[in-house]
Structure formats: C-alpha cells, structure tokens
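Trainee: Could we go through this protein together, taking a few residues and the contacts around them in turn?

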Amino acid sequence: YVMRDMGYNYLAPLGKNAMIITHGDNDTFPLWYIQEVEGVRTDVRIMNTSLLGTDWYIDQLKCRMYESDPVNFSIQRDQYLYGTNDFVQIYDRFDGGAIPGKTLMDIFRNPKITIPLNDGKNHNYIAARNVIIPVNKENVAKYGIVAQEDMHKVMDTIILSIPEGKNSLNKTELMILDLVCNYNWERPIYFMQKGGDINIGIKDYMQYDGVAYKFVPIKSKTGHGELQQVGTEALYNRIMNVFRWDSFKKEGYNVDYQNLLTFNNLHSPRDFMVNCAKALYAKGDTLRAVEVLDKMQEVMPTSNYPLNNSTLSALTERAIMDAIAIYLATSNKEKAYALADEFIDETSKAVLLFSQEFHGDYLSYDDLQTNLYYLLMTARVFETNGDAQKAEEINSLIAPFLQQE
C-alpha cells in the first residue's frame, strides 16, 4: 500500500494537464497503477525515459490519452523510427553562440542540412550547443508554472547549454530537447530525480517540489546539496494536507529491503520534509518548520523506517541531523534531544556491530567509519547550537575508536 500511496503522492499535487518525466520502474509503475486502476489524475501525462527512445512509445505520446492532451513534438515520424537517430551528433555551427530552439529544430528536421558520418551516410545533427527558449510570462503566471511570489525571478528567455565534451544526444534526450524547444509554458513539466541522465542543460532550471523537480524559467543551483529554488508554500500544503501517509505509519507489517531502500534513500519522505522545513526556516517561518518536522516523525515511525539506514545510503541520516539542527535553532530542545537520542542509539548499535572482530579486522571498516562520522556530525550540530555538554557526551562515544587509530 505504500507504493499505491506514493503513486498518489506523485500525481495528486501536479499542475493541471502536467507532464511528469520518470526514468525507471520504481518511479513509474506506481503512477501507471494509480492512473489506470484507480483513475487518479488522468489529465497528467507520464513520460518514461526508458521507453522514450522507441518509436511506438513516441507515437503513443502524440495521441490524446484520457484527459491528457497530446505531447507536442515537432520531429516527424521518419526521423525517430527504430534505427533512425538513435544517437545524434552535435556539430556547433555557431561557435558557441546561442540560437532559438525552434531554429535549432528547423535545422534538424531539414533533409537538406546534413553532415556525413563514419557510416558513409549523411545525417541530421544538432547545430548549436546553446539554445534560446523564449519565456511566455503570461502563460507562466496563468498556468501556475511559477508561484506569484516568485514571478519577479522569471527570466525573459532561458538558455539551455549542452555541456562541452558531450558530442551526441541519444534519442530520449533528442525528444526532450524537441519538446522544450517548442514549449510555450502552457502545461507544467516535472522531472523525477532532477532529470536523471538527461543532460541538455535543463538541470539549471529546476524547482524543488519534493517528490519531483519542476521545470521553471528561473536559473538556480538546485539539487540534493543545495536548494536555491523551492516551491515552499505548495510543498508545505502537500505534506500537511494532500499527501497520503496512512500506509507509512501503519504498524504491524514487515517493511522489506526494497521498501527501506526506496523510502529511506531513493525517494525519502524524510528528506523532502526536512528540506521543506529548512526552506520555511530560511524564510523565518519557524512555527511551520517545526510542524513539518513533527509531521515527519508522526508518519515515518522508526519501528517501520529506522533513522539509521547507513548500509544502504546516507539520505535519511543527513535529513535526521538537519532536523535536529532545526529543532535546536527554533528552541525546541526537548524534541531535538528525543530525536537525537534515538538516532545516536541506533548509530551506536551500528558502531558496535561493525567494530566486531572478523578475520583479524573489523567486520566492516567502511561502515564503521560511516557511523562514527554520523556521531561526529551529530555532536557538531549540538556544538554549533551552543550545547557543548551534549556534544561532549556524543564525542565520548567516538573517543575509544580515535585512540585505537
């Protein structure tokens, strides 16, 4: 049921008639299910990049489906048929200059404008690395592409820059580029995993919306490490009022490895809830920042989803340390201590496990280092927030291992 509810959470908050670009199985199958079986948000078009390189799938996208409008591609069918333009060469005829996206695709579609390749045949190609996309600000506002509070950040044009050293586009990248080059900002475009392997310059124009990134005409450095552009108000409302959480907090069922991997690491609700709290705190909204953190602990009980999942990844652990820091910064010391003590207890047990002797060495030296690092960073959180006593208490757990070194 968590996958069903997460599928709902992916689709329910998206803008009307939106397109959401997914990449693999785990971020696509729940969306297909919730649409096809339960009829949720049938106006949203799901576009899977694993299939977007096939002609039959592109054909489907160009058709209306339920309440979802067709996807507008300008590339003709004979240019995306099986075995055609699977990889398209980039040959910059403008010496780094930027040209309009529609012009770029006009050149690509023109059968008379080709270059010879090693197979002895002439081929269409991408004629520039820097592509100008005009921004229809009226549509951006009308269709909710950008919240009103951020409209002052909207640019008149954006420029997609295909990286130097990238000499070709695969068919999936070609179709996404074609879509964006002809985009009139009338329906929202969302990307899972910030676009995954799609590398055509779109990552500079992503807004963090929690479970997905939204393509917006605002340039920023937004990713897991840095969140310059966040749809804060919308994300808060989704977490508190829209998303389904009942299956996550239900007790008495087995949470298997795949579930832990997905929801503690790949698409961690804790991660996007803490990121929302950080964005609210940065705006001075400490009350709602704490509300989101409290919600996180309510809907993601540690009996189902441990705080320390270090053998799989570090996404949840980082979120927990950030949550402790926000609790301390907002004078919620009791909540900070409660969360920290549980995290320290889990992490100390991991240290105990991985420090056991095995064939003359540690059971797992790398995992031991990772968990000692978590303790060190948690101590630093308290130290930074003026609680030297708690920091020293945590550091005392690390000291015996430092002495061994």
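What follows is a set of questions and answers on selected residues, salt bridges and a surface patch.

Mentor: Before we start, note that this is a predicted model, in which local features need pLDDT of at least 70 and side-chain atom pairs count only at pLDDT 80 or more, while totals for chains, interfaces and linings use all residues. Residues are numbered from 1 along each chain as its sequence is written, and side-chain values use heavy atoms, with hydrogens and water left out.

Trainee: How far apart are the C-alpha atoms of Ala-325 and Val-381?

Mentor: Ala-325 sits in helix H12 (residues 315-329) and, at a relative accessible area of 22%, is partly exposed. With residues up to four places away in sequence not counted, Ala-325 touches Val-381 and Asn-385. Although Ala-325 and Val-381 are 56 residues apart along the chain, the separation of their C-alpha atoms is 5.9 Å.

Trainee: How many residues apart in sequence are the parts that Asp-209 and Arg-238 tie together?

Mentor: Asp-209 and Arg-238 form a salt bridge whose closest N and O atoms are 3.5 Å apart, the term meaning a side-chain nitrogen of Lys or Arg within 4 Å of a carboxyl oxygen of Asp or Glu. Both Asp-209 and Arg-238 are buried. Because Asp-209 lies in the loop between strand S11 (206-208) and strand S12 (213-215), whereas Arg-238 lies in helix H7 (residues 232-242), the parts that the pair ties together are separated in sequence by 29 residues.

Trainee: In which helix do Lys-390 and Glu-393 both lie?

Mentor: Lys-390 forms a salt bridge with Glu-393, with 3.2 Å between the closest N and O atoms. Lys-390 counts as buried at 3% relative accessibility, whereas Glu-393 is partly exposed at 45%. The two are three residues apart, about one turn of the helix, and that helix is H15 (residues 388-404).

Trainee: What accessible area do Leu-353, Phe-358 and Leu-363 have together?

Mentor: Leu-353 lies in helix H13 (residues 333-354) and, at 39% relative accessibility, counts as partly exposed. Patches are made of residues with over 30% relative accessible area and no salt bridge, like charges being joined within 9 Å and nonpolar side chains (Val, Leu, Ile, Met, Phe, Trp, Tyr) within 5 Å. Leu-353, Phe-358 and Leu-363 form a nonpolar patch on the surface, and their accessible area, from the Shrake-Rupley method with a 1.4 Å probe and only the protein chains shown as cover, is together about 260 Å².

Note on methods
Helix = DSSP H or I, 4+ residues; strand = E, 2+ residues; numbered from the N terminus. Buried < 20%, exposed > 50% of the residue type's maximum accessible area, 1.4 Å probe, protein only. Contact = heavy atoms within 4.5 Å.
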